[in-house]
Amino acid sequence: MSMLLEVSGVCVTFDGFRAINNLSINFAKAELRAIIGPNGAGKTTFMDIVTGKTKPDEGKVIWGDQNMSLLGMSESEIAKEGIGRKFQKPTVFEAQTVRQNLAMALRNPRSPFSVLMHKKTQANASRIESVADQIGLLDSLTRVAGELSHGQKQWLEIGMLLAQEPRLMLVDEPAAGMTPEEREKTTSILREAAKTCAVVVVEHDMEFVRRLDCKVTVLHEGSVLAEGSLDHVTSDQTVIDVYLGRAHA
Amino acid sequence: MRRILFLALALWLIVPVATAAQTLQDILQTHQEEVLKPGRRSVGVVLDDLVASGLPQALPFLEAWRDREIVQRDSDGLFFRATEDGDALALTDLDTGETVPAAVSDDFTESRPNGGVRRAIGDALVQFQLSDPDITKRRAAVEAIARSMDVSQLSPLEGSIDTEEDPALKAQKTRLVGMLQALFGENTETRVAAIEALSGDLSVDVRAVLNRITATTPKIATEVPEDANVAQILTVGEDITQEEAYARLVAAELAAPLITKAAVRDALLANIVDGSVGGITVDKLDTDAARALAYDALALDGLVAQRVKDTEKVEALAAHTFYLDYTEPDSVVTDAASKAIRAIETNVALSQTADLALDALSLASIYFLAAIGLAITFGVMGVINMAHGEFIMMGAYTGYVIQLFIPDYTIAILVALPVAFAVTFGAGVTMERLVIRHLYHRPLETLLATFGISIALQQLAKNIFGTQARPLTSPEWLDGALVFNDVIAISYIRIAIFVLALLFLALILYVLKRTRLGLEVRAVTQNPGMAASMGINPDKINMLTFGLGSGIAGIAGVAIGLYAKVTSEMGADYIVQSFMTVVVGGVGNVWGTLAGASLIGFLQKGIEWLNPSNTLAAQTYMILFIILFIQFRPKGIVALKGRAAAD
Amino acid sequence: MRKSFVAQNPSVLWFIAILAIFTIGVTLLSEVTGVNMISTSFVKTLGKTLCLCLVAIAMDVVWGYCGILSLGHFAFFGIGGYAIGMWLMYARTEGIVVESLVGQPLPPTPQEISDVIGNQIFGVVGSSEFPVIWSFADSLFLQLLMVVLVPGLLALVFGWLAFRSRVTGVYLSILTQAMTLALALYLFQNDSGLRGNNGLSGLQNIPGFEDVSQATISIVFFWASAVALALGYVFFAWIVSGKMGSVIKGIRDNEARVRFLGYHVESYKLFVFTTTAIVAGIAGALYYPQAGIINPGEIAPIASIYLAVWVAIGGRGRLYGAAIGAAFVSLLSSWFTGGGAPNVNLGFYEIQWTDWWLVLLGFSFVVVTLFFPKGIGGLFDLLVRKQS
């Protein structure tokens, strides 16, 4: 089975510092994957590369069935190809309502002219409502996003990802700052989403990763250290060294 | 005769007292007729004798003679110097210089030398003056020769070189002789040698001499005469336009004049008969074609001259050769002169480039001074301060006010620099405390708020100091310029600004890199939260940094005020350029500001050089260039790289 | 849930209604169409104010809604003025010249007429030849096209260059300011072909309507300005209220997020920048025939900053706020600087407002930025909240 996204041999250097060092990592079409690693392991930079924000010095990023290279494409083109991204800090449009936030994310033509001529339709409205239902914000559609709680903002951002109907979701620390109940709900939202598309979760919190119950990739100093089930990687001696060594230093 | 003169002069100089027994009056009496009614030819004898006599009183006599102040007493034929005193004449004895009792003008006959004679007298005077014991007179004589550049001056000048004591004046005389020889040397060899000697000299007067030798006159001929010293054969259509070539033919009466549209019109107007001309009614004559038809009809009737047909025009042009003819007939001399001109031009071009570079350097220093304060507030702190220009203005006005109280300009400037720093430092800190502190996370609003302060300060300055420009006078030792040669020169004030800019660069690098304050500033810039947790008070650091940036603007104001005028709008003139400097150079980096200032300074001078008539255009093109430049290097010349530079 | 555009945006209705009442009111009080209580020059001032409101609304869309603090929109305004001014000046000079040549014994040729016109217009800068940019000056239609095309194209090219290299925030502001300065410096040159320092003048005389009094012309232009303002308001309200508004507000608040949603942010910015530049050009084309004269000083960067000041004082991010700000500050400014405001005697010093108005404006602007970031428009929020 061909892969949805193949990253191979990618290197990125910032001012002499190798943030990503010969990184190779693949994702299948519908899988849930967790990426863990200590600070500075290159998790966020990896996401920046896939979404087009950072251009790698070398390596390949191949996407989809047509084996399209994502390098050289702009952020918006990559997003239109079906790669959605949630940032570490919840970034929703706080001045606008939940409905407007979702409507903006909804999979529709993105050119200025079609946006200008956009008419509200029943189909769109029901799609917005179903996404809102999924993230538990159906009652809050008319509320301004800035008024939402931290957890709700995280969900709204995940909802915006869902509304994009992506084929790959990159989710950066979705559970940060959430109560245990909220984490529970976040887990179920992500697992649900992973049924239709690939979901890649970058997370610090081992407890949350354990709850996701999926394949785990450990990044360290810009490359893959270990891959497999959580139990497998946590028993790996090198991983223990990296984590514990750091933790005790 | 020139030789005799020379000999006489030399004799006179060596043995001044040899003929002292003779008086001036004696010589004049010998030539009574020539003195009283001098002619262009006859005057030479008198002058020769006067020069030969070597009498010191000959000089004032010649001056008086030239100024028509010499009279002859009718009764005894004696000559006197006379000035009118009412109806009477005040007389002076020519030998003793004593006053002679006044007399009635009727008893005297004036000597009235005509223009030619006076010129001859003037030449003789020059000979005297060139050897005058008073150096100022000698200098004046040399300058007079340099102005007139006449053939007759060559030998007296040459003769006076050996005895010249002042080395500078001697060099000047030698140089002048060289130029005169290039122009009037006896034979081709001397002239060519003189010309070649001149080719190392860049000065304007040497170039004028060479240009005079290579002066050309445009000429027309069917066949170029063989003895002509032709500078260039002009190809019609390339070196000279058809219209111009034909106009020359017409001027030389070698072709019939073209009938211009205005001439057609006048001819038609003159020949209107019963509301029509040449069979066409007047109201139809509102196109050039109709007018041409009417004119041709008139020409057929012989009322006006025929229009020149295009074929005739072409034939006339083809039949003649247009060429430039050297006024100087000797082709060896003109060749040598054009070669010397080319050599000089190359040299001048090199010197001009060097001069331009100096100009650009001093402009860059000014931009650097204006922008360096901004580089700190904008570059390091990320605060847009539109009132930065007004801080520059405040500094300049501080200097002006201090000069009102301290009359010694040197002391005034030395006092003004720290006081300007203190004043603008205070203003900066006040502004930071009252306004900017509240807007750190709203950069666009900082821009607008500081703009509000900017217009208020500008108007306040206008209300206090008026709209007139105020002078900020530099001390005397900064007047004048450092001159390398006739092309390269730089005023001391610009050098001072350059030095000041260097000092500031060093100072700021030192403060930022080597002091506790610099360390804390960098810490606060990079991570205010972390800095605060390490015991650094970010509030205080921000305040001090802003004060420092503003204070430097004040000092820059004093420097700029010395160089330009102090007005309430002077800040506004520098603000956009200053921002450009910082942005082009790369934000957050002192070296970047230096690079930006250099780029903008050199670029502006470079564009001005390409289009020298128009500073406004130069600025327009420069800004367009900067807009394009930012396309390719959005982060400036010295860009911070990596994740730190990302938004 | 599908409410009409107007019902969703009650402020549009309010704005149009108030504008209509104001327009009719002024008409009824004016010299020719009413009871002669408002002088012709004041009608012109009001008409000009309406044009300033229009350009302020455009500025609000580009800054308040899209977050681009453009310091170049008054330059687009000026370009519009120059474009229409060229036709006004050419056509009027042509009329005068043709009339003056009528009595000649020979009827003039087209070339002769053109030479005399050129001499009349460019004599002041020591030239008599028509520069290339005046090629279309004889056609009202083409010059009207220029009013739209020149600012539009300039904004398109400049915006494309600036946005594609991701210049944002204060950098973009400085860059637009540089553009404005370059344009102003260019126009200040005598050989720019636009009469340098002298600018274009006599624009209040409309060719073909020499017999119509200025009083009537002023009312016509007042109405035209009012209609343009109303249309502009509705147009921009339509743009900012729908999904387009959502996207451009999103760009203002978090450009990167919008980009990762798949929107090509640069196109949107370019659309907003260019559209507003065109509207600014149209506003300028209506303003300068009422002002009568345009010169490069009008385009100087400071004018564009004032525009930002109006919008900030009126209240960003709401169209009516921008209109109120422009009207309020510009009318207040002419009241103070025109000697309308009484001097204040402090005993030791007499404050003359002609000298002190800018100081007051500057400092009050700082106060507004610091303490009332929502501007005058913010007051309406308080009203609405109290009612509900």
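Leaving aside its neighbours within four places in sequence, Gly596(B) is in contact with Thr581(B), Val584(B), Gly585(B) and Ile637(B), where contact means heavy atoms within 4.5 Å. The model I am presenting is predicted: local features need pLDDT of at least 70, side-chain atom pairs count only at pLDDT 80 or more, and totals for chains, interfaces and linings use all residues. Residues are numbered from 1 along each chain as its sequence is written, chains are lettered from A in the order in which they are written, and side-chain values use heavy atoms, with hydrogens and water left out.

To stay with this glycine for a moment, Gly596(B) belongs to helix α25 of chain B, residues 590-610. Helices here are DSSP runs of H or I with at least four residues, strands are runs of E with at least two, and both are numbered from the N terminus. Is Gly596(B) buried or exposed? Its relative accessibility is 0%, so Gly596(B) counts as buried; the classes are buried under 20% relative accessible area, exposed over 50%, and partly exposed in between, with a 1.4 Å probe and protein chains only. Between the C-alpha atoms of Gly596(B) and Leu478(B), 118 residues apart along the chain, the separation is 27 Å.

I turn now to the interface of chain B and chain C. The contact takes 49 residues from chain B and 54 residues from chain C. Together the two chains bury about 4500 Å², with 76% of it on carbon and sulfur atoms; buried area is the accessible area, for a 1.4 Å probe, that two parts lose on being put together, summed over both. On the chain B side, Leu444(B), Leu448(B) and Gln631(B) lose the most area to chain C, together 14% of what that side buries.

There are 3 salt bridges between chain B and chain C, a salt bridge being a side-chain nitrogen of Lys or Arg within 4 Å of a carboxyl oxygen of Asp or Glu. Arg316(C) forms a salt bridge with Glu445(B), and their closest N and O atoms are 3.1 Å apart. Which element gives the largest share of the side of chain B that touches chain C? That element is α19(B), with 14 residues. By class, this side has 33 nonpolar, 9 polar and 7 charged residues. Ala, Val, Leu, Ile, Met, Phe, Trp, Tyr, Cys and Pro count as nonpolar, Asp, Glu, Lys and Arg as charged, and the others, Gly among them, as polar.

The next interface is that of chain C and chain A. Here 26 residues of chain C are in contact with 30 residues of chain A. The two chains bury about 2700 Å² between them, 63% of it on carbon and sulfur atoms. Lys243(C), Arg257(C) and Phe260(C) supply 30% of the area that chain C buries against chain A, more than any other three residues. The count of salt bridges between these chains is 2. Arg257(C) also meets Glu157(A) in a salt bridge between side chains, at 3.2 Å from N to O. Among the elements that give two or more residues to this side of chain C are α9 (243-253) and α11 (265-291).

Finally, I consider α11(C). Of its 27 residues, 22 are buried, so α11(C) is largely enclosed by the rest of the structure. Just after α11(C), Gly292(C) takes a positive phi of about 90°.
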